[in-house]
Amino acid sequence: MDIATLLGFLLGIGIIAAAIVTGGSIMLFIDVPSILIVFGGTFGVSLMRLPIADFLRSFGVAGRAFMNKKVDPNVLIEEAVTLADMARKNGLLALESAEVSDDFMKKGIRLCVDGYNPEFVKNLLQQDIDLMVSRNEVGQNMWKGVADLAPAMGMIGTLVGLVQMLANMSDPAAIGPAMAVALLTTLYGAMIANVFALPMIDKLASVLNYEKANKELVMNFIANLQEGTNPKVLRTLLNTYVAEKKRQEE
C-alpha cells in the first residue's frame, strides 16, 4: 500500500470536513441534486469519451495510486549481477533452473535460455514496456478528463441553480434549495478535481515512471547477459539507473 497517497487523501478530506463541522452541520453540505449533477454528469460524460472496457479499466489504474509495490532497483541489480556471474561460469543454460524474483526479468532470461537472438529479445521486451505505458496512459487520460469535467459540471450545476432561483423569486422557500444547488455543485466539482483526480494523476505518473525505469534496467541487463558482459562491468552499467547517493558498490 502507498501510505503517502492514502495519508494525503485522508488529510485533505479530513481538513475540509473539520472546517465544515466547526462552522455548522455537515448536512448543510450534502445535497442530492448537486451530487447527481456533478458526480453523475462527470462520470457519464467521461464514459462517452472512452470505450467501456477502457473506462472500467481506468478504475483499476486508479487503484495503483493507492496499492503499488515499488521494487528497489538495487535489489534488481544485485540479482542481475548474481545471474550474470552464474551464466559466465556455467553458461546461459544454467539460468534455466535459477530462481528469479522479478517476472519481467524471468521472461527475459527464459528468452535467452531458449536461444532467441538479442534483437528479437530486445524488441519483445521493449514491446512489453510500451504496452504497459500505453495501458496506464489510457487510465491517466480518463482521470485527466475527470479533472477537467468535474469543475465544468459544477459550473453547469451553478447555472441550473441560478435559473431555478430566479424563476422562484416570488417563493422565498424555493430560493434556498436552488441557491444550495448553485453553490454546492461548484464545491463538489472543485473537490473532485483538486482533492482526488489531479493528485492521483501525478501519483500514477510517478509510479509509471518508476516501474518503466526498472523494466529498462532489466532490459539492459538481458542485453548485456546475451553479450557476455563481465558482471563487474555490468554492475557499473546498471548502477547508472540509481541515484548516485543510493548506489551500492561491490
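Student: Leaving aside its neighbours within four places in sequence, which residues is Ile109 in contact with?
Tutor: This is a predicted model. In it, Ile109 is in contact with Leu83, Leu95, Val100, Phe221, Ile222 and Leu225, once the neighbours within four places are set aside.

Student: And which residues have the most contacts inside the largest nonpolar core?
Tutor: Ile109 is one of them, along with Leu83, Met105, Phe221, Ile222 and Leu225. That core has 31 residues.

Student: Which helices supply at least two residues of this core each?
Tutor: α4 (73–90), α5 (103–113), α6 (118–167), α7 (172–227) and α8 (231–238).

Student: What lies apart from it?
Tutor: Another core, of 17 residues. Trp143, Ala150, Ile192 and Ala197 are among them.

Student: Zooming out, how many helices and strands are there in the protein?
Tutor: There are 8 helices and 0 strands.

Student: Is the protein a compact globule or more spread out?
Tutor: The protein is more spread out than a compact globule, because its radius of gyration is 26 Å, well over the 18 Å that the globule rule gives for 250 residues. The C-alpha trace spans about 90 × 40 × 25 Å along its principal axes.

Student: What percentage of the residues is buried?
Tutor: Buried residues make up 37% of the 250. The accessible surface comes to about 14,100 Å², and 64% of that belongs to carbon and sulfur atoms.

Student: Change of topic: charges. How far apart are the mean positions of the positive and negative ones?
Tutor: They are 3 Å apart, for 21 positive and 25 negative charges.

Methods:
Residues are numbered from 1 along each chain as its sequence is written. This is a predicted model: local features need pLDDT of at least 70, side-chain atom pairs count only at pLDDT 80 or more; totals for chains, interfaces and linings use all residues. Side-chain values use heavy atoms; hydrogens and water are left out. A nonpolar core is a set of buried Ala, Val, Leu, Ile, Met, Phe, Trp, Tyr and Cys residues joined through side-chain atoms within 4.5 Å. Buried means under 20% relative accessible area, exposed over 50%, partly exposed in between (1.4 Å probe, protein chains only). Helices (H or I, at least four residues) and strands (E, at least two) are DSSP runs, numbered from the N terminus. Contact means heavy atoms within 4.5 Å. The radius of gyration is taken over C-alpha atoms; the globule rule is 2.2 Å times the number of residues to the power 0.38. Accessible areas come from the Shrake-Rupley method with a 1.4 Å probe; for residues, only the protein chains shown count as cover. Lys and Arg count as positive and Asp and Glu as negative; His and the chain ends are not counted. The place of a charge is taken as NZ of Lys, CZ of Arg, CG of Asp or CD of Glu.
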